[in-house]
Structures are given as C-alpha cells and as structure tokens.
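Reader: Please take a close look at one part of this model, the place where the two chains meet, and describe it with the criteria stated as you go.

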Amino acid sequence: MTMGSCEHLQEYKTTHGTNSFRIIHTYFIACSSADARRRKAKSCVCHTCRLHGPRLHACLNCIYFGCYGAKHIHEHAETKGHHLAVDMVHGAVYCFECGDYMYDEQLEEIARKQYTKSKKGIGLRANFSSWEPNEVEIEILRQNPKRRKVEIKSSIGLRGLINLGNTCFMNCIVQALTHTPVLRDFFLSDQHSCQVLSQDARQCLVCEMSRLFQEFYCGARTPHIPYRLLHLVWTNARHLAGYEQQDAHEFLIAALDVLHRHCKGYSDNILLSYNSQLNAGTSDSNGSGNPHHCNCIIDQIFTGGLQSDVTCQQCNNVSTTIDPIWDISLDLGPGPPAGGSSNSNSSPNSGFTNSPGTYEPTSLLECLKRFTKPEHLGSSAKIKCSTCSSYQESTKQLTMKKLPIVACFHLKRFEHSTGYHKKISTYVSFPEELDMTPFMSSSRNNTNGYNNQVIQESSRGLSCDNKYSLFAVVNHMGTIESGHYTCFIRQLKDQWFKCDDHLINKALPGDVLNSEGYLLFYHKQILEYD
Amino acid sequence: MADPQDRKLKDAQMRATINQKLVETGERERLKELLRTRLIECGWRDQLKAHCKEVVKEKGLEHITVDDLVQEITPKGRALVPDDVKKELLQRIRTFLAEQSNI
Ligand SMILES: [Zn+2]
Ligand SMILES: [Zn+2]
Ligand SMILES: [Zn+2]
Ligand SMILES: [Zn+2]
Ligand SMILES: [Zn+2]
Ligand SMILES: [Zn+2]
C-alpha cells in the first residue's frame, strides 16, 4: 500500500493530463445536475456483464466500464494494456501494474471539489470529516507524548467536590454538566476562545468551566474545591449569593445563563446551524424579542423550541408561537388526567377543564402527556383572537417543535404558594431510554391529543432520531427547609456513579431509576451534523 | 407460478430499474450519506478502523493492498452492521419506492 502516486499514474498524467479523470468524475461519480444523474443511472453498467457492479471501474484510457467483483475490469486491463481505472463509487484510481489503489494529490483535489458540488446539488451537507490536527496541534501533541485512554475500568472524569457550606446544589449541577457528553467534548477539545478582555478573563465563567473540565479529566483523585466557580457564580448571579441552601434547578438555569452570556461571539462548531434552524422557525412569531438568538455552545446543546398553539373556541383559528427553552418544568401536583379517552366527547375540546382534579402523574411519560395535552383556558383567561378581533375562550397546547441535544426535565417537587411551601416526595418513574416523538409538534393532530399520536408514532417507529438516553439525575433528600442534594451520573455507556459532594460511589442502574428524581438529564442518541 | 428462470430475469430487471431510479433522483447518494452517518454513530466505523489498523500492522504497510484489506474485513464489516441500521435503510428505500409512481 502506498500513500501516494505511482510511476504509471505519473506517466499517464504527463501524456494524457487529468481531463479524462475529471470527466469521468463529473459525469459518473459525483454528478451535480439532474441531467448528469440521469446519464449516470443509464450508463453505469459493466460493459461485459451488464450488471451494476459490484465495484464498477472506468478505464482511464478508453471508454470502458467493468466490474471489479467479476474481474471484468481486470480482463480489460490485461487484453487492452490499459492499466489505470477509476473506482466509480469512491473515485480512487487503481493501477493494475502495481496491483493497488493510488492516491494522487492532484486527482484527489479534483475529486474533493466535485463531491462538494454534487452534494449541494441534492441538498446534502458537506461530508463530515474527522478531526485532522493542524501544524500547531501536531507540535503540541509532540510536546505532550503522554496519552490517556478511557477504558471500562478507568475512573477518569470522576471527582468529588468539596461542600463549601450548603453548596451541594452547585456540586450536583457541576457533576451533571461535566458529564454531559457534547459539553465535555467541547471543553476537552479546547473550543472556547475567550471573548472577554484579557484582564477580565478570570471573570469568565466559560474559562472557569474549561479549567474545571481539566480538573475533572486530569486523572487526579482527590476531591476538587470549586471555590473559584462559587465565587464567579456569586458575582454574576447575585440572587444565589450567600451560604443558604439554594434550589439546584434555579442554579442550573442561572449557570446556563451566565455561561451563555460569557460565550459571546460565535463558536465555529459542527453543530452551528442547529439553532439557526430553530430561529428560522420562530422568525414569524415573536422572534425578534427572543433572547436565545444565539449559537453559543450552551444554546447549541440545551435550547429546544417549545411550540404553543392557541385555538380560538369561536372560530378555530390557531395562533402558533415558538419559544426557546433550556429545560422543561413538569407539574407533579393533582390535576386533570393525562389520558385522552376519558375526555372523548362529541365536541372535541369540551372535556378539558381547568379545575384541579385528583390525578397525580407517577411517571415522566405521564408528566409529558399532561404537559403536551390541550388545555382549556376557561372563561377567566380569555385571549384576544386576531380573527374574531375580540377576547375569546381558547384551548392551548404545548408541543416540542425542536428537540434540544440535552433535554433537562425539572420535576416540580417544590410548591411555593402564598402562605405555604411544600415538597412533593411522590416517586415518579423515568426510563433509561426516552422517545420524544409523541411530544413533538409534528405529532400534534387536530384535537384529540395523545391518543392518536401513539398510532402515528408506531407507524414510524423505526425512526430513532428522537430518542434520548438518561445520563444524569439530581436528587433532593429531606424537606424543603433542610435537605441535601446528591446526584447520579453516567460514565461511559452504562456505568453509574453516585456523587455525594466529595464522595463518589458506584451505583446500579436500578438505584438510579428507583431514586426520587428532581432533575433528569437526557442526551440525544443521534446528532445531526451540519 | 412463473418458472424460476423467468422470475430470476424479472428480479434482475426490477433491480436494475430500482437502481436507476435511486441514482437518477440522487436518493442513492442520500441513502449512502445516511448509512455513513449511522455507521459512524453506532461505532461501526471506529470498530472497523481499529480492525483495519490491526491487519495493516500485522502484515506490514508495505506488503498489504486494498484488496487484501477488503477481503480481510468484509465478513466482519457485514456482520457488525446493526439490525436497526439495516431496518432504517430498508424502510427508507420502501418509502422511496412507494413515492415513485412509475415503477
Ligand atoms: Zn462485469
Ligand atoms: Zn480501456
Ligand atoms: Zn502503478
Ligand atoms: Zn472565557
Ligand atoms: Zn447563547
Ligand atoms: Zn377566533
């Protein structure tokens, strides 16, 4: 195997040039027009056996296509003395004298350009290519010869965090964030280029996160003391300052907000246009006031699009808005049931009322069903209908227009009403694998809510694009006044660990799934590359 | 029942027509792209790459050809493609064919 060209190919290029290769590549390998594709479809057959392959090659000396599988191209090379042929799938040139493929830089450059053109022609994005280190990076790699390999038994990435006085709420979120796969990849590949002025760089929370990731993945085993992080959060989110116990959910949202603000600028990342798609969808609604018109890594990972459809009861006019969200807060208290069947009625929406029922969800799926169920807003909450030009009763339904890469579910265990604060400690089950398809806007049907969505889901059950895996769970123990936060995090594919401040212990998936979850972190199984 | 010879011929014709349609519309490239993505995602690519490296190391870079490599890894490569991926591709092809009225 050679990594370059051979004398035969070089000689061919001097006498014949690169034109034949270019023509074959343009018309039969990477077509960029419908016309070329039609021609390709008709003529790409072996001239000897009339089959489509396997591994059709085109002679570089004359007009002959032959398959490699049945050695028809070999026969041609032998009898005609034409020793160079192009693979019609990959565009590599085979030399029959040398008995192997050649990698000629000049020809590869031609091929690369053609491929890009042809992909655009059929609406495909450019090829995803794996990372190639540049000269600077090669030098860094040379200077740092020590390699770390993550193996089944390795404890890399696991590190306890010292409690600095009721800061377990922060420790949990730090554990969850440092074990968010895409976020970890972002920081470990050093993608944050700081936009904060150099003298203020110590004030940048993103930079602090970078350092934190280094602390977590450097291999050290002693607990880390996150005092700088705490200090930064205090100075940037004043409402969280002080040594009282804070709400982990509130901290998560504040941390994401500060990170998003400190990211500024635009990161050049494979996921870049993820959010521009989302934003394109919102531009016709209230998009201009949208705070998340942003491509920062936080928005790329955590921002989903929540669609709200308000249907006027008078004229059935639907007004749709899409709002960016970083998390999904789910009610646990008693309310109307989530199931559709008990509500079936001749008038589709009349079954839904606003009055609290006795139903309490006991699983994440039930919470989500309730979350995405059409809700009758009642006579006390009339909304101005643009078609009727008057205030009308209406129905509102929430669905997911765009799924985030990381879906964070917040089970509202803390109730703060006037006069009383209370914690709901009911067990709410949640799955290790979650399919969000039924809760997507695309699954929304006229009025019947979830029931029909299930049917739709099963008919396209093969799609796994909307599937998520659980990777972190934050738990709260105790009461609303005095409690303690711990969390479970997933390492590698299915190894779970319980983090209790400075203590880290192995856990079983069963421990995780049976715990009283407060924040549930799910990671998308399949990412779209842009 | 049609005789097997006849059926074989019809099968081959059908295959050729389908292939032609897939190429003409660009769907073949899209399917390839989908397959490529899925194989990267499920770890197939990394697994096969590691295997290739082993084979190359064993035989020595100077002495191995692409053909040797193809022969060595094809059985493993085929066997390692997850059923989910095959199913998805099949479903996509079915959907595509259903949309083509003139086949
Ligand atoms: Zn042939
Ligand atoms: Zn020839
Ligand atoms: Zn040669
Ligand atoms: Zn920074
Ligand atoms: Zn942002
Ligand atoms: Zn109206």
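**The interface between chain A and chain B**

Author: The area buried between chain A and chain B, that is, the accessible area (1.4 Å probe) that two parts lose on being put together, summed over both, is about 2,400 Å², and carbon and sulfur atoms give 57% of it. This is a predicted model, in which local features need pLDDT of at least 70 and side-chain atom pairs count only at pLDDT 80 or more, while totals for chains, interfaces and linings use all residues. Residues are numbered from 1 along each chain as its sequence is written, chains are lettered from A and ligands numbered from 1 in the order in which they are written, and side-chain values use heavy atoms, with hydrogens and water left out.

With contact taken as heavy atoms within 4.5 Å, 27 residues of chain A touch 27 residues of chain B. Between the two chains there are two salt bridges, each defined as a side-chain nitrogen of Lys or Arg within 4 Å of a carboxyl oxygen of Asp or Glu; one of them joins Arg55(A) to Asp67(B), with the closest N and O atoms 3.7 Å apart. On the side of chain A that touches chain B, the elements that give two or more residues are helix 3 (34–43) and strand 5 (100–102) of chain A, where helices (H or I, at least four residues) and strands (E, at least two) are DSSP runs numbered from the N terminus. Helix 3 of chain A supplies the largest share of that side, five residues.
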